[in-house]
Amino acid sequence: MKYDITFEPRTLHFRQPAGTSRGVYTERKIWIVSAVDTFDSSRRGVGECAPLPKLSCDDLPDYEQRLAKACQMVATTGSTDIDEVRRYPSILFGLETALQHCRRGSWQLTDTAFARGEEGIPINGLIWMGSFDEMNARIEDKLKQGFSCIKLKIGAIDFDSELALLQKIRSRYGKQSIQLRVDANGAFAPCDAMKRLEALSRLGIHSIEQPIRAGQWSEMARLCRQTPLPIALDEELIGLNSKSEKAEMIDKVRPQYIVIKPSLHGGMQGTREWVAMADERNIGSWLTSALESNIGLNAIANLTADIYGDNISFPQGLGTGALFTDNIELGGCRLEIADCKLWAKNERKQ
């Protein structure tokens with residue numbers, strides 16, 4: 001198949017500022033790609049290219065020019081399996097989504113119970129960075145909603161205050177009731193990391209994402225060998241777009257988990273490679289979104305269900321759909337959170 005592919009920029013606005021260790025997001029720029037089958041113009045698909053500022057390996061000044069070139073290459077060949085495109089994960093993911101949507105003629109991008117609306121995907125309750133009082137209020141809200149897995153982004157306030165928040169949860173809920181995950185986004189210095197990991201482990205933390213900044217493979221490998229609680233790699237995966245690069249890192253560092261964001265870590269194709277490599281080495285994995293609109297979130301959820309099967313029990317990081325005031329509606333499909341799961345409610349075929 002060959003396609004006519006076009007794109008347009010879009011700016012989304014957050015309901016509330018989203019705090020990370022790299023700053024606070026109030027708006028989100030994305031690019032919507034549209035693919036039309038050149039032999040049947042009724043067959044159309046839409047995808048989302050959403051690089052994260054100062055984080056994605058393809059967050060580049062000439063992003064639109066590279067996107068235009070990738071669209072032309074994929075339109076001509078009808079394939080996204082192109083080395084030049086693999087270098088730009090967010091572009092690859094958007095084009096993969098658009099072509100899959102076009103071929104299936106539906107937002108049901110996979111043949112899974114999730115896509116058919118028969119089963120939801122369990123998700124964690126995400127607590128954004130903020131002041132002590134702000135984070136405490138957000139935690140209380142998630143607990144009231146019934147979440148049994150809470151993920152806190154840490155590194156914005158002093159570590160003792162963050163420990164106090166976690167201790168407050170643990171004083172009310174044991175490990176069997178509430179699973180706690182934390183994401184440091186590389187905020188710890190290597191010299192302090194082990195001491196902080198030990199403090200967190202005493203609170204029964206399930207895992208910590210990226211305790212030190214990416215690129216320090218020897219230090220990260222040492223932490224993963226000696227850590228008192230499981231370490232999950234996230235930013236460490238960014239920019240490793242070939243199988244050989246992925247294998248080199250994962251074999252040297254040997255984490256307990258990897259956390260995969262298709263927009264950052266190689267699109268759908270790269271995500272499947274990461275999961276397969278982890279499985280071969282008895283390393284756990286889960287998928288998360290990266291502040292995409294409903295277009296990207298739906299694609300990631302479909303991919304998650306296709307990779308892990310219809311009966312997912314491990315909470316995924318897919319609870320970002322309600323972040324925007326002007327999110328993009330999917331014709332014929334509505335994403336919603338109910339019973340701490342993400343569901344696809346299908347109204348009609350797109």
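Me: How much space lies in the largest pocket?

Reply: Rolling a probe the size of a water molecule over the atoms shows where empty space is left. In this predicted model, the largest pocket holds about 770 Å³ of space.

Me: Which residues lie nearest the centre of the largest pocket, and which elements supply its lining?

Reply: Of the 40 residues that line the largest pocket, L126, W128, G319, T320 and L323 lie nearest its centre. At least two lining residues come from each of β1 (3-20), β5 (125-127), α4 (132-144) and β6 (149-153). The largest share, 6 residues, is supplied by β1. By residue class, the lining divides into 18 nonpolar, 11 polar and 11 charged.

Me: How is the packing of helix α3 and helix α9 to be read?

Reply: Two packed helices are described by the angle between their axes and the distance between the axes. Here the axes of α3 (residues 89-104) and α9 (residues 267-280) come within 6 Å and cross at roughly 105°. Angles of 65 to 115 degrees count as roughly perpendicular, so α3 is roughly perpendicular to α9. On the α3 side, P89, L92, F93, E96, T97 and Q100 meet G267, M268 and Q269 of α9. The residues of this contact comprise 4 nonpolar, 4 polar and 1 charged.

Me: What describes the pair formed by the rings of Y257 and W286?

Reply: A pair of aromatic rings is described by the distance of the centres and the angle of the planes. The count for this model comes to 7 aromatic pairs. For Y257 and W286, the ring centres are 5.3 Å apart and the planes stand at 65°, so the pair is edge-to-face. The pair links distant parts of the chain, with Y257 in strand β10 (residues 257-260) and W286 in strand β11 (residues 284-287), 29 residues apart.

Methods. Residues are numbered from 1 along each chain as its sequence is written. This is a predicted model: local features need pLDDT of at least 70, side-chain atom pairs count only at pLDDT 80 or more; totals for chains, interfaces and linings use all residues. Side-chain values use heavy atoms; hydrogens and water are left out. Axes are lines fitted to C-alpha atoms, for helices over the stretch in contact, and angles run from 0 to 180 degrees between N-to-C directions. Helices (H or I, at least four residues) and strands (E, at least two) are DSSP runs, numbered from the N terminus. Angles under 35 degrees count as roughly parallel, over 145 as roughly antiparallel, 65 to 115 as roughly perpendicular and the rest as oblique. Contact means heavy atoms within 4.5 Å. Ala, Val, Leu, Ile, Met, Phe, Trp, Tyr, Cys and Pro count as nonpolar, Asp, Glu, Lys and Arg as charged, and the others, Gly among them, as polar. On a 1 Å grid over the protein atoms alone, a cavity is a set of points where a 1.4 Å probe fits but cannot get out, and a pocket is an open set with protein on both sides within 12 Å along at least five of seven lines; lining residues have an atom within 4 Å of a point. Grid points are joined across faces, edges and corners, and a volume is the space filled by probe spheres set on the points. Rings of Phe, Tyr and Trp (its six-membered ring) pair if their centres lie within 6.5 Å; planes under 30 degrees apart count as stacked, over 60 as edge-to-face and the rest as tilted.
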